[in-house]
Amino acid sequence: MSSCRLATCVACLLLTIGMAIAMPRQDKPAMTPERWYALQMEAADKADRIMRQADRRKSLLGRYETMLSAMFEGDRNPAFPVIFGQYLAWYQTYIGDYPNAAASFSVQETQLPGDHALPLGPGMRAQPAIDAIARLARGRQAVFFNEIHHVPLTRTLTIELLARLREEGFDTFAAETLYSSDDKLQARGWPVEGTGFYTNEPLCAEMVRTALRLGYRVVAYEAEGGDSGDARERSQARNLYERVFKANPKARLVVDAGYGHIQESGKYLGGQSMAEHLRTLSGIDPLTVEQTMLVPHPDATHDHPYYAALVARLKPVQPMVFLDVEGKPWALRDGYDVSVLFPPETLRRGRPTWLALDGLRKPVPVDGDEICRSDYPCLVEARYANETDAAIPADRLVFDPPPRQGPTGRLLRPTLGASASDLYLRPGDYRLLATDAQGRVLGRRSISVRGATP
C-alpha cells in the first residue's frame, strides 16, 4: 500500500468513527477539534514514515520490532500514541498477536440517538449467525460483510460462511484489501505478500484462500488513484460493477469491506458509501451484515452499552443475530440489514480460541524451546505443504518470553510471554518454520494435523 493510500485510509477511518478518538484532557490552551484533527494527521504522516522504515527490514519479525520500538520512543504530539497504535496493531495481527493488537488501538463504541432498541423484547429470537445469515442470503444477489481491520475476530464468521454461501449459488468474492496488480492470485490459489495489505494477516489470507479453494472468482476492487472520501467510494463501486456485474449481470457476489463502506443509507464521508454507489449503478440490493459494533474490547468500558446486557442474557459461545417472529433481522443502526453479536473472548495458552473457526481448525501445540532452540524472540509459521515459501501462512505466532535473569526490557509480549502455545490449523499437512528478527532460520518441521477435511 502506498504512503498516499495509507494516509488516506487513516483519514477515512477517523471520519468513519465520527472522531471518536477523544481529545486529551488538558488545561490551557484549550484544544479545538480542528487542532486535534490536525495533530492526528501529523501523527499519521509520522507513522507512515516509520512503517516505510520498518518495511525495509528483511523479516516480518524485524519489521514488527521496528514498529514496537517506535511506539515507546516517545513523541510530544499527544495524538501520536493513539494513531500509531493502529499501525502497530496491524503488525501485531500479522504476527498472530491478536490480544495485543486489540489493545493497541481500541476505539470506544458509543450509543447513538438513532440506535435501535435492545433486541430482548417479546418476539425477538437470538439465532446462530452462521445459520441465520445463510438463510437470509437466499435469493439475494450480493452479501456484504464489514470488518474491523485490526480485529480479525470480525473475519471469522465470513470465513465460516463462505462454504454455505457457495452452496447457495454465490460465485464471486471481492475484498477491499486486494491489489489488482496480483494478477496470478486466481491461478496460484493462495495469497502472497504482494496480494494485499491486510492479507499479510493469516486469517485474512485464509479468507481469500478459502474463497479460491471453494471455486469463487476472486476480485480486487479498491480505488487505485489515491482517491478519498466520496470519490474513493464511487471508484470502489465502479470497480465492482465493471469487474463483476458488467460482464456477468447474474453474478452472485460476496464482499468483505471495512467499517461503513457497506452501509446502505445515510451520509458517509461527506457523500455516499460504496454500497450506496453500487446500488445506484447495478440496482442490486445487498444483504449487509454489520460486524463491527457488538464486539468485545480489551477494556470493557469501550464496549457498546448494549454489549454487556446481551452477553449477560444470552451467554453466547458463537456469533449470534436477532430475528423477529416474521424472520426480519435486527440491526443496531439504520443502514444495515443485520448486526452480529460476537461472544466474549477466551484465551487458551495466550491465544484466542476463535482462531479455531468454530471447529474448522484445531489447536496444535508448539514448544518454542524446541523449534526455536530457545533463541528468542522467534516467529513460528505454518504453511500448507502444497504451497510455496512465499505463501502467507495459515497461522503464525511469536514467542518472546522474559529472560530467566535480569530485567525483562520489553512490553506487549506475545502469547502472554509464554514459550509454548498453539497454532490453529485445518486438518492437513504443513511445514513449520521458525526464524529470528534477522530472518535466520532457527528450526523446521513437517507436521500432519489429523481429522476429516471440512
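**Rings and charges**

Modeller: Tyr 430 is buried, since its relative accessible area is 1% (buried means under 20%, exposed over 50%, and partly exposed in between, with a 1.4 Å probe and protein chains only). Before going on, note that this is a predicted model, in which local features need pLDDT of at least 70 and side-chain atom pairs count only at pLDDT 80 or more, while totals for chains, interfaces and linings use all residues. Residues are numbered from 1 along each chain as its sequence is written, and side-chain values use heavy atoms, with hydrogens and water left out.

Colleague: OK, and how many aromatic pairs are there?

Modeller: The count comes to 11 aromatic pairs, where rings of Phe, Tyr and Trp (its six-membered ring) pair if their centres lie within 6.5 Å, and planes under 30 degrees apart count as stacked, over 60 as edge-to-face and the rest as tilted. In one of them, Trp 90 and Phe 197, the ring centres are 5.2 Å apart and the planes stand at 90 degrees, so this pair is edge-to-face.

Colleague: Where do Trp 90 and Phe 197 sit in the chain?

Modeller: Trp 90 is in helix H4 (residues 80–94), whereas Phe 197 is in the loop between helix H8 (185–188) and helix H9 (202–213), 107 residues apart; helices (H or I, at least four residues) and strands (E, at least two) are DSSP runs, numbered from the N terminus.

Colleague: Are those two buried or exposed?

Modeller: Trp 90 counts as buried at 1% relative accessibility, and Phe 197 is buried as well, at 6%.

Colleague: Back to Tyr 430, which ring does it pair with?

Modeller: Its partner is Tyr 384, in a tilted pair with 5.0 Å from centre to centre and 35 degrees between the planes. Tyr 384 lies in strand S12 (residues 378–384) and Tyr 430 in strand S15 (residues 428–435), so the pair ties together parts that are 46 residues apart in sequence.

Colleague: Switching to charges, how many salt bridges are there?

Modeller: There are 32 salt bridges, each being a side-chain nitrogen of Lys or Arg within 4 Å of a carboxyl oxygen of Asp or Glu. One of them joins Glu 370 to Arg 445, with the closest N and O atoms 2.9 Å apart.

Colleague: And how exposed are Glu 370 and Arg 445?

Modeller: Glu 370 counts as exposed at 52% relative accessibility, while Arg 445 counts as partly exposed at 27%.
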